[in-house]
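Notebook open, pencil ready. I want to look up a few things in this structure and write down what I find as I go.

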Amino acid sequence: MKNISIKTKLLLWAMLSIILLFTLWLATYWMTINNRNNNLQIAKELEISEEINNTLKLAQKLNAPGNDVLATWDYKTEQNNLEVYTIEFNQETNKLITMIGTDQEMLALYTKAELDLKDMLEQANKVFEQVKNKEIAEKTANNKSANQAAQQASKEMVSMDQAFSRLTKNLYILEANQRSKIKNVMAKTIQFNDYIVKVSLVFFLSNFLISLVIAILLIRNITLPIQQLVNLVNNISKGSLESITLNNRNDEIGKLAFAINNMVFYLKETASITDSIANGVLTLVVKPRSEQDIFGHSLKKMVISLQTIVKKVHSSSEQVK
(Lines give C-alpha, C1' and ligand atoms only; values in the text may rest on other atoms or scores of the structure.)
Protein backbone atom coordinates (compact mmCIF):
# COMPACT_ATOMS: atom_id res chain seq x y z
CA MET A 1 0.00 0.00 0.00
CA LYS A 2 2.89 2.40 0.72
CA ASN A 3 4.19 2.09 -2.84
CA ILE A 4 0.78 2.80 -4.40
CA SER A 5 -0.11 6.39 -5.20
CA ILE A 6 -3.06 8.06 -3.47
CA LYS A 7 -4.75 8.54 -6.83
CA THR A 8 -4.51 4.80 -7.53
CA LYS A 9 -5.79 3.99 -4.02
CA LEU A 10 -8.82 6.22 -4.50
CA LEU A 11 -9.48 4.71 -7.93
CA LEU A 12 -9.24 1.19 -6.52
CA TRP A 13 -11.60 2.08 -3.69
CA ALA A 14 -14.05 3.63 -6.18
CA MET A 15 -13.84 0.55 -8.41
CA LEU A 16 -14.42 -1.75 -5.44
CA SER A 17 -17.43 0.34 -4.38
CA ILE A 18 -18.83 0.12 -7.91
CA ILE A 19 -18.29 -3.66 -7.94
CA LEU A 20 -20.04 -4.02 -4.57
CA LEU A 21 -22.94 -1.88 -5.78
CA PHE A 22 -23.16 -3.91 -8.98
CA THR A 23 -23.23 -7.21 -7.08
CA LEU A 24 -25.90 -5.74 -4.82
CA TRP A 25 -27.90 -4.78 -7.91
CA LEU A 26 -27.44 -8.27 -9.38
CA ALA A 27 -28.64 -9.85 -6.13
CA THR A 28 -31.62 -7.49 -6.03
CA TYR A 29 -32.40 -8.24 -9.69
CA TRP A 30 -32.20 -12.00 -9.08
CA MET A 31 -34.50 -11.74 -6.07
CA THR A 32 -36.95 -9.55 -8.01
CA ILE A 33 -37.05 -11.97 -10.96
CA ASN A 34 -37.61 -14.97 -8.67
CA ASN A 35 -40.31 -13.14 -6.75
CA ARG A 36 -41.96 -12.14 -10.04
CA ASN A 37 -41.87 -15.77 -11.25
CA ASN A 38 -43.43 -16.94 -7.98
CA ASN A 39 -46.21 -14.37 -8.34
CA LEU A 40 -46.79 -15.44 -11.94
CA GLN A 41 -46.96 -19.06 -10.79
CA ILE A 42 -49.55 -18.15 -8.17
CA ALA A 43 -51.58 -16.24 -10.78
CA LYS A 44 -51.39 -19.23 -13.13
CA GLU A 45 -52.56 -21.68 -10.45
CA LEU A 46 -55.41 -19.35 -9.49
CA GLU A 47 -56.42 -19.16 -13.14
CA ILE A 48 -56.47 -22.96 -13.36
CA SER A 49 -58.60 -23.11 -10.21
CA GLU A 50 -61.04 -20.63 -11.70
CA GLU A 51 -61.20 -22.70 -14.89
CA ILE A 52 -61.98 -25.84 -12.85
CA ASN A 53 -64.83 -23.94 -11.15
CA ASN A 54 -66.16 -22.89 -14.56
CA THR A 55 -66.01 -26.53 -15.67
CA LEU A 56 -67.97 -27.57 -12.58
CA LYS A 57 -70.67 -25.00 -13.34
CA LEU A 58 -70.95 -26.20 -16.93
CA ALA A 59 -71.10 -29.83 -15.75
CA GLN A 60 -74.13 -28.90 -13.64
CA LYS A 61 -75.71 -27.29 -16.71
CA LEU A 62 -75.02 -30.49 -18.66
CA ASN A 63 -76.96 -32.49 -16.11
CA ALA A 64 -80.01 -30.23 -16.26
CA PRO A 65 -81.52 -31.24 -19.64
CA GLY A 66 -81.61 -34.94 -18.71
CA ASN A 67 -83.54 -34.09 -15.56
CA ASP A 68 -85.73 -31.34 -17.00
CA VAL A 69 -86.95 -33.54 -19.86
CA LEU A 70 -88.93 -35.69 -17.39
CA ALA A 71 -90.75 -32.56 -16.31
CA THR A 72 -91.41 -30.99 -19.70
CA TRP A 73 -91.27 -34.17 -21.84
CA ASP A 74 -89.93 -31.91 -24.59
CA TYR A 75 -86.97 -34.06 -25.54
CA LYS A 76 -86.13 -32.08 -28.70
CA THR A 77 -85.60 -28.79 -26.83
CA GLU A 78 -83.69 -30.43 -23.99
CA GLN A 79 -81.56 -32.44 -26.40
CA ASN A 80 -80.72 -29.22 -28.23
CA ASN A 81 -79.81 -27.58 -24.88
CA LEU A 82 -77.58 -30.55 -24.09
CA GLU A 83 -75.74 -30.13 -27.39
CA VAL A 84 -75.18 -26.40 -26.73
CA TYR A 85 -73.96 -27.06 -23.17
CA THR A 86 -71.69 -29.85 -24.43
CA ILE A 87 -69.98 -27.44 -26.85
CA GLU A 88 -69.49 -24.88 -24.07
CA PHE A 89 -68.17 -27.59 -21.73
CA ASN A 90 -65.68 -28.85 -24.33
CA GLN A 91 -64.42 -25.33 -24.94
CA GLU A 92 -63.75 -24.83 -21.23
CA THR A 93 -62.13 -28.25 -20.82
CA ASN A 94 -59.84 -27.54 -23.78
CA LYS A 95 -58.69 -24.39 -21.98
CA LEU A 96 -58.25 -26.41 -18.80
CA ILE A 97 -56.13 -29.07 -20.53
CA THR A 98 -53.93 -26.36 -22.04
CA MET A 99 -53.44 -24.78 -18.60
CA ILE A 100 -52.71 -28.10 -16.90
CA GLY A 101 -50.01 -28.82 -19.46
CA THR A 102 -47.75 -31.73 -18.45
CA ASP A 103 -49.04 -32.16 -14.90
CA GLN A 104 -49.59 -35.94 -14.98
CA GLU A 105 -51.55 -36.08 -11.72
CA MET A 106 -54.01 -33.43 -12.86
CA LEU A 107 -54.30 -35.01 -16.30
CA ALA A 108 -55.08 -38.40 -14.73
CA LEU A 109 -57.89 -36.88 -12.67
CA TYR A 110 -59.26 -35.08 -15.70
CA THR A 111 -59.17 -38.32 -17.72
CA LYS A 112 -61.39 -39.99 -15.10
CA ALA A 113 -63.75 -37.03 -15.20
CA GLU A 114 -63.83 -37.22 -18.99
CA LEU A 115 -64.87 -40.90 -18.87
CA ASP A 116 -67.64 -40.03 -16.40
CA LEU A 117 -68.76 -37.21 -18.69
CA LYS A 118 -68.96 -39.58 -21.61
CA ASP A 119 -71.02 -42.01 -19.55
CA MET A 120 -73.33 -39.20 -18.38
CA LEU A 121 -73.94 -37.99 -21.93
CA GLU A 122 -74.72 -41.54 -23.07
CA GLN A 123 -77.22 -41.93 -20.25
CA ALA A 124 -78.76 -38.54 -21.06
CA ASN A 125 -79.25 -39.57 -24.68
CA LYS A 126 -80.86 -42.78 -23.45
CA VAL A 127 -83.24 -40.69 -21.37
CA PHE A 128 -84.12 -38.63 -24.46
CA GLU A 129 -84.59 -41.85 -26.45
CA GLN A 130 -87.06 -43.23 -23.88
CA VAL A 131 -88.93 -39.91 -23.79
CA LYS A 132 -89.12 -40.08 -27.57
CA ASN A 133 -90.48 -43.64 -27.34
CA LYS A 134 -93.07 -42.47 -24.80
CA GLU A 135 -94.20 -39.70 -27.16
CA ILE A 136 -94.55 -42.17 -30.06
CA ALA A 137 -96.45 -44.64 -27.87
CA GLU A 138 -98.83 -41.92 -26.72
CA LYS A 139 -99.55 -40.95 -30.32
CA THR A 140 -100.57 -44.54 -31.04
CA ALA A 141 -102.53 -44.69 -27.78
CA ASN A 142 -100.26 -47.45 -26.51
CA ASN A 143 -100.42 -46.51 -22.84
CA LYS A 144 -98.56 -49.59 -21.70
CA SER A 145 -95.56 -48.86 -23.89
CA ALA A 146 -95.75 -45.20 -22.89
CA ASN A 147 -95.64 -46.12 -19.20
CA GLN A 148 -92.78 -48.54 -19.76
CA ALA A 149 -90.84 -45.88 -21.68
CA ALA A 150 -91.43 -43.34 -18.86
CA GLN A 151 -90.24 -45.84 -16.24
CA GLN A 152 -87.18 -46.69 -18.32
CA ALA A 153 -86.44 -42.98 -18.77
CA SER A 154 -86.49 -42.57 -15.00
CA LYS A 155 -84.05 -45.48 -14.61
CA GLU A 156 -81.73 -43.99 -17.24
CA MET A 157 -81.94 -40.64 -15.45
CA VAL A 158 -80.78 -42.32 -12.23
CA SER A 159 -77.80 -43.79 -14.08
CA MET A 160 -77.15 -40.38 -15.60
CA ASP A 161 -77.20 -38.74 -12.17
CA GLN A 162 -74.79 -41.37 -10.84
CA ALA A 163 -72.39 -40.62 -13.71
CA PHE A 164 -72.83 -36.90 -12.98
CA SER A 165 -71.99 -37.52 -9.31
CA ARG A 166 -68.80 -39.33 -10.30
CA LEU A 167 -67.96 -36.52 -12.73
CA THR A 168 -68.42 -33.77 -10.15
CA LYS A 169 -66.55 -35.83 -7.54
CA ASN A 170 -63.49 -36.06 -9.78
CA LEU A 171 -63.78 -32.38 -10.63
CA TYR A 172 -63.95 -31.51 -6.92
CA ILE A 173 -60.89 -33.67 -6.30
CA LEU A 174 -59.21 -31.82 -9.16
CA GLU A 175 -60.20 -28.52 -7.56
CA ALA A 176 -58.94 -29.66 -4.13
CA ASN A 177 -55.60 -30.68 -5.61
CA GLN A 178 -55.38 -27.32 -7.33
CA ARG A 179 -56.08 -25.50 -4.05
CA SER A 180 -53.35 -27.57 -2.43
CA LYS A 181 -50.95 -26.57 -5.22
CA ILE A 182 -51.86 -22.91 -4.71
CA LYS A 183 -51.20 -23.19 -0.98
CA ASN A 184 -47.83 -24.85 -1.63
CA VAL A 185 -46.79 -22.18 -4.14
CA MET A 186 -47.90 -19.41 -1.76
CA ALA A 187 -46.03 -21.06 1.11
CA LYS A 188 -42.88 -21.27 -1.04
CA THR A 189 -43.33 -17.65 -2.04
CA ILE A 190 -43.64 -16.55 1.58
CA GLN A 191 -40.61 -18.65 2.49
CA PHE A 192 -38.67 -17.16 -0.42
CA ASN A 193 -39.69 -13.63 0.62
CA ASP A 194 -38.41 -14.31 4.13
CA TYR A 195 -35.20 -15.64 2.59
CA ILE A 196 -34.94 -12.50 0.46
CA VAL A 197 -35.24 -10.27 3.52
CA LYS A 198 -32.52 -12.18 5.37
CA VAL A 199 -30.15 -12.47 2.41
CA SER A 200 -30.59 -8.84 1.38
CA LEU A 201 -29.92 -7.73 4.96
CA VAL A 202 -26.79 -9.88 5.23
CA PHE A 203 -25.61 -8.82 1.79
CA PHE A 204 -26.20 -5.13 2.52
CA LEU A 205 -24.46 -5.30 5.90
CA SER A 206 -21.49 -7.20 4.47
CA ASN A 207 -21.10 -4.70 1.63
CA PHE A 208 -21.47 -1.83 4.06
CA LEU A 209 -18.87 -3.26 6.44
CA ILE A 210 -16.40 -3.99 3.62
CA SER A 211 -16.77 -0.46 2.26
CA LEU A 212 -16.52 1.01 5.76
CA VAL A 213 -13.37 -0.94 6.66
CA ILE A 214 -11.69 -0.05 3.37
CA ALA A 215 -12.70 3.61 3.76
CA ILE A 216 -11.33 3.73 7.34
CA LEU A 217 -8.06 2.10 6.30
CA LEU A 218 -7.75 4.42 3.34
CA ILE A 219 -8.51 7.50 5.45
CA ARG A 220 -6.01 6.44 8.12
CA ASN A 221 -3.42 5.69 5.45
CA ILE A 222 -3.79 9.22 4.05
CA THR A 223 -4.80 11.48 6.93
CA LEU A 224 -2.40 10.25 9.65
CA PRO A 225 0.82 10.93 7.69
CA ILE A 226 -0.64 14.22 6.44
CA GLN A 227 -1.28 15.23 10.05
CA GLN A 228 2.33 14.31 10.87
CA LEU A 229 3.51 16.51 8.03
CA VAL A 230 1.26 19.36 9.20
CA ASN A 231 2.76 19.09 12.71
CA LEU A 232 6.26 19.05 11.21
CA VAL A 233 5.61 22.18 9.14
CA ASN A 234 4.13 23.92 12.20
CA ASN A 235 7.30 23.04 14.16
CA ILE A 236 9.46 24.36 11.32
CA SER A 237 7.47 27.61 11.38
CA LYS A 238 8.38 27.84 15.10
CA GLY A 239 12.07 27.31 14.36
CA SER A 240 12.34 23.57 15.11
CA LEU A 241 14.30 21.80 12.38
CA GLU A 242 13.39 18.14 12.78
CA SER A 243 13.09 15.69 9.93
CA ILE A 244 10.36 13.03 9.56
CA THR A 245 10.42 9.35 8.62
CA LEU A 246 7.35 7.74 6.96
CA ASN A 247 8.72 4.22 6.56
CA ASN A 248 9.90 4.68 2.98
CA ARG A 249 6.54 5.58 1.47
CA ASN A 250 6.76 6.01 -2.29
CA ASP A 251 3.38 7.66 -2.85
CA GLU A 252 2.58 11.37 -2.97
CA ILE A 253 2.81 11.66 0.82
CA GLY A 254 6.23 9.99 0.80
CA LYS A 255 7.39 12.40 -1.88
CA LEU A 256 6.05 15.33 0.13
CA ALA A 257 7.87 14.09 3.24
CA PHE A 258 11.07 13.71 1.22
CA ALA A 259 10.72 17.31 -0.06
CA ILE A 260 10.10 18.61 3.49
CA ASN A 261 13.15 16.70 4.75
CA ASN A 262 15.24 18.31 1.98
CA MET A 263 13.90 21.68 3.06
CA VAL A 264 14.85 20.93 6.68
CA PHE A 265 18.34 19.88 5.57
CA TYR A 266 18.63 23.10 3.56
CA LEU A 267 17.53 25.18 6.53
CA LYS A 268 19.98 23.36 8.80
CA GLU A 269 22.75 23.95 6.27
CA THR A 270 21.83 27.61 6.07
CA ALA A 271 21.68 27.90 9.85
CA SER A 272 25.11 26.29 10.07
CA ILE A 273 26.50 28.88 7.63
CA THR A 274 24.99 31.81 9.53
CA ASP A 275 26.25 30.34 12.81
CA SER A 276 29.79 30.11 11.38
CA ILE A 277 29.56 33.70 10.19
CA ALA A 278 28.36 34.75 13.64
CA ASN A 279 31.43 33.03 15.12
CA GLY A 280 33.71 34.97 12.75
CA VAL A 281 34.46 32.21 10.31
CA LEU A 282 34.56 33.96 6.95
CA THR A 283 36.49 31.38 4.99
CA LEU A 284 33.27 29.66 3.98
CA VAL A 285 32.40 29.05 0.37
CA VAL A 286 28.64 29.33 -0.09
CA LYS A 287 27.27 27.47 -3.08
CA PRO A 288 23.66 28.24 -3.97
CA ARG A 289 21.66 25.15 -4.94
CA SER A 290 20.11 26.71 -8.01
CA GLU A 291 19.47 29.96 -9.80
CA GLN A 292 16.25 30.26 -7.82
CA ASP A 293 18.06 29.86 -4.46
CA ILE A 294 17.50 33.44 -3.30
CA PHE A 295 18.57 32.71 0.26
CA GLY A 296 21.74 30.98 -0.92
CA HIS A 297 22.67 33.83 -3.25
CA SER A 298 22.05 36.34 -0.45
CA LEU A 299 24.31 34.41 1.93
CA LYS A 300 26.97 34.19 -0.74
CA LYS A 301 26.83 37.97 -1.30
CA MET A 302 26.90 38.55 2.43
CA VAL A 303 29.97 36.34 2.95
CA ILE A 304 31.76 37.97 0.00
CA SER A 305 30.88 41.42 1.35
CA LEU A 306 32.10 40.55 4.82
CA GLN A 307 35.28 39.08 3.40
CA THR A 308 35.85 42.32 1.43
CA ILE A 309 35.21 44.44 4.50
CA VAL A 310 37.61 42.35 6.57
CA LYS A 311 40.28 42.69 3.89
CA LYS A 312 39.81 46.45 3.81
CA VAL A 313 39.99 46.66 7.58
CA HIS A 314 43.09 44.48 7.59
CA SER A 315 44.67 46.64 4.86
CA SER A 316 43.83 49.86 6.75
CA SER A 317 45.33 48.46 9.95
CA GLU A 318 48.51 47.59 8.11
CA GLN A 319 48.70 51.08 6.73
CA VAL A 320 48.17 52.59 10.21
CA LYS A 321 51.00 50.44 11.58
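**Entry 1: what "buried" means**

Before I look at any residue, I need the cut-off: buried means under 20% relative accessible area, exposed means over 50%, and partly exposed is in between. I also note that this is a predicted model.

My test case is Asp116. Its relative accessibility is 11%, so Asp116 counts as buried.

**Entry 2: the whole chain**

Next I stepped back to see the overall build. How many helices and strands does the protein have? I found six helices and zero strands. Reading from the N terminus, the order is α-α-α-α-α-α. The radius of gyration is 52 Å, well over the 20 Å that the globule rule gives for 321 residues, so the protein is more spread out than a compact globule.

The C-alpha trace spans about 185 × 30 × 25 Å along its principal axes.

The accessible surface comes to about 20700 Å², and carbon and sulfur atoms own 60% of that.

Taking contacts between residues at least 6 apart in sequence, 77% join residues at least 24 apart.

**Entry 3: salt bridges**

Now for charges. Side chains of opposite charge can pair when their charged atoms come close. The count for this model is nine salt bridges.

Which residue forms a salt bridge with Asp116? The partner is Arg166, and the closest N and O atoms are 3.4 Å apart. This pair links distant parts of the chain, as Arg166 sits in helix α4 and Asp116 in helix α3 (residues 104-139), 50 residues apart. Arg166 has 36% relative accessibility, so I wrote it down as partly exposed. Asp116, as I noted above, is buried.

Next came Lys134 and Glu138, another salt bridge, with the closest N and O atoms 2.3 Å apart. Both residues lie in helix α3, four residues apart, which is about one turn of the helix. Is Lys134 buried or exposed? Lys134 is at 12% relative accessibility and therefore counts as buried. Glu138 is at 42%, so that residue is partly exposed.

What does Lys134 touch, apart from its neighbours within four places in sequence? I listed Trp73, Ala146, Ala149 and Ala150.

I then found a salt bridge between Lys139 and Glu135, at 3.6 Å from N to O. These two are also four residues apart in helix α3, about one turn of the helix. Lys139 has a relative accessible area of 66%, so it is exposed. Glu135 has 27%, so it is partly exposed.

Some salt bridges share partners: Glu45, Asp103 and Lys181 are joined that way into one network.

**Entry 4: a closer look at Glu45**

Where is Glu45? I found Glu45 in helix α1 (residues 6-72). Its relative accessible area is 3%, so Glu45 is buried.

I also looked up what is around Glu45. Leaving out residues up to four places away in sequence, Glu45 touches Gln178, Lys181, Ile182 and Val185. Lys181 is a name I already had from the salt-bridge network.

**Entry 5: a nonpolar patch**

Last stop, the surface. Which residues form a nonpolar patch there? I wrote down Leu201, Phe204, Leu205, Phe208, Leu209, Leu212 and Ile216, with about 650 Å² of accessible area together.

I picked two members to check. Ile216 is in helix α4 (residues 143-237), and Phe204 is in helix α4 as well. Ile216 has 41% relative accessibility, so it counts as partly exposed.

Phe204 gave me one more thing to write down. How far from Leu24 is Phe204, in sequence and in space? The two are 180 residues apart in sequence but 7.4 Å apart in space, C-alpha to C-alpha.

Technical notes:
Residues numbered from 1 in each chain as written. Predicted model: local features only at pLDDT ≥ 70, side-chain atom pairs only at ≥ 80, totals over all residues. Heavy atoms only, no water. Patch = residues over 30% accessible without salt bridge, like charges linked within 9 Å, V, L, I, M, F, W, Y side chains within 5 Å. Areas by Shrake-Rupley, 256 points an atom, 1.4 Å probe, with all protein chains shown as cover. Salt bridge = Lys/Arg side-chain N within 4 Å of Asp/Glu carboxyl O. Buried < 20%, exposed > 50% of the residue type's maximum accessible area, 1.4 Å probe, protein only. Contact = heavy atoms within 4.5 Å. Rg over C-alpha atoms; globule rule 2.2 N^0.38 Å.
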